[in-house]
Amino acid sequence: MRVHTLSLIFYLECIVSSSILGVDPSKQHLYQPNINQETGEKSWSCLSDPTIILSYSQINDNYCDCPDGSDEPGTNSCSYKLDQKFYCKNTNHIPGYIENYKLNDGVCDYDVCCDGSDEYLTSKCPDKCSEIHQQFVKYKEDVSRDVEKSLAIKNQIIENSSKIKIEISEKLNNLKHQLKTRREESELYIDDEVENVEQVDEEADSLSEISRYISSMNSKINSQQQTINRLESILTKLVGNYNPNFNDLAVKESVNQFQEYFSNKIDLAVQEIDIQNVLQQMKEKTRENSGTSNEAKFNEGNLNDFVEPTFGNMILFYLNKFTHNDVEAEVIKASSPSSTRSKTKISNSNIEGLEKEIKALEFEINLYENDLQADFGPDDILRSLQSVSITNKIGEYSYKIGLLDSIYQGNVLIGKYSHFDDNKLHFRNGDKCWNGPYRSGVVELICGSNHKLISVSEPEKCEYSFELISPIVCQEYSDEDLLANFEINYDDL
Ligand code: MAN
């Protein structure tokens, strides 16, 4: 009996207001009938196909006539369409839209239709909008209080970031000014004082000394490499043969650490240093330098010829520096008093001091310029959080997230900061997995007043997902956002 009463109320409401059941007020105009002037008959066309003309009474007659289902907005007789939902008026609360297949299925979907209108035929669901609205108002107040607190913290962070940016810009201007002054001074010195140059010659004694030194280095390298090979072979055997079932933590830790070391080991070909090659290169460099301009001498260190990252080249690099460096040049000089010198050297220490200062200023300016151009997210917000790091022990491991730096799982590097997008911090190029990829991680930020790491998972081997509470992603919420997260307390209904 009640079924009919409810259904009648809805139908009557619709008739009185001449509205179509299930249709949002903003779309009611689409359901205006076409009235035949002669016969007075009412007709209506399917919304997405006007060639299909129905009698007006076919709307909501529980039979699906239109391919788009538009003739049945208030029943579940048409197949499910993603964009088609039944409108619940929810007087005293917020209107809702429910999938048509949920209509009259005997379930009170109060989270969407607090007025129970989704069950207009079963009458199972009395209107609970007033009670639910009271709960919602309370929820909204609580959330708003938290959000307000978080937003105040977020604004403070933005303000700090902005202050830091201003400070950096001021420092940068100051440094640029200093650089300009130093450059002007340096030009004056070069004009007035770069006249005293010394000729330094290639030094046979020094070279033979270096040659002896390289020989002794070669034999040390050989013996150390043999030791490393032997230790690696012992540990490789241990990794292959140890019994993991013994649960010996010390052995397990050593095995894990060796695997990490081995996976991340950079395989530098250790090779002996070719003495003849070194001496030849030194001679050539010395010859080249004796013909270079003063400016070129100031820019020493351009060692484009030595690009291979071998141990031998490393030694060459330093030997090269050795032949171009004042302090080291003094050592050569001291060890070979009778030498004739071909290296041209600017003796004025003022100029050298200035040049060093200019280089340091240029370096610092470059750092600050890069920093100002870096992406710190919306409102530059991450700028003031560069030194923030959050730690938490979750499950087996302790995690440390340096917001713009890196993530560590114990001593294992999960990744270095790469970029920030869509409320997520991305970290890449971590330590290599044993038989797997380089580790990486994505940190999803969730609104809250204090930074806190709340969860970690490893959906793919060595690819980690973190959830971190942070005020920086907080924002004002609309009623729709709040409603999406609001949960009804059914005990209080
Ligand atoms: C360690 C941890 C794990 C990871 C394995 C892969 O135990 O980093 O998270 O899955 O290595 O071997």
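Student: How many disulfides does the structure hold?

Tutor: Seven disulfides. Keep in mind that this is a predicted model, where local features need pLDDT of at least 70, side-chain atom pairs count only at pLDDT 80 or more, and totals for chains, interfaces and linings use all residues. Residues are numbered from 1 along each chain as its sequence is written, and side-chain values use heavy atoms, with hydrogens and water left out.

Student: What makes Cys-46 and Cys-66 a disulfide?

Tutor: The cut-off: a disulfide is a pair of cysteine sulfur atoms within 2.5 Å. For Cys-46 and Cys-66 the S to S value is 2.0 Å, so the pair passes. The pair links distant parts of the chain, 20 residues apart: Cys-46 sits in strand β2 (residues 42-46) and Cys-66 in the loop between β3 (49-55) and β4 (85-88). Strands here are DSSP runs of E with at least two residues, helices are runs of H or I with at least four, and both are numbered from the N terminus.

Student: Why is the disulfide of Cys-46 and Cys-66 called left-handed?

Tutor: Because the torsion about its S-S bond is about -85°. Compare Cys-114 and Cys-129, whose sulfur atoms are 2.0 Å apart: there the torsion is about 90°, so that disulfide is right-handed.

Student: How do you know that Cys-88 is buried?

Tutor: Buried means under 20% relative accessible area, exposed means over 50%, and partly exposed is in between (1.4 Å probe, protein chains only). Cys-88 has 0% relative accessibility, so it counts as buried. Cys-113 is also at 0% and therefore buried. Those two form a disulfide with their sulfur atoms 1.7 Å apart.

Student: And why is Phe-262 called partly exposed?

Tutor: Because its relative accessible area is 36%, which falls between the two limits. Phe-262 lies in helix α4 (residues 249-264). Together with Ile-228, Tyr-261 and Trp-434, Phe-262 makes a nonpolar surface patch of about 360 Å².

Student: What lies between β14 and β15 in the hairpin?

Tutor: Two residues, with Cys-462 in the turn showing a positive phi of about 65°. Glu-460 stands opposite Glu-463 in β15.

How values were computed
Pairing = 2+ DSSP bridges. Patch = residues over 30% accessible without salt bridge, like charges linked within 9 Å, V, L, I, M, F, W, Y side chains within 5 Å. Areas by Shrake-Rupley, 256 points an atom, 1.4 Å probe, with all protein chains shown as cover. Salt bridge = Lys/Arg side-chain N within 4 Å of Asp/Glu carboxyl O.
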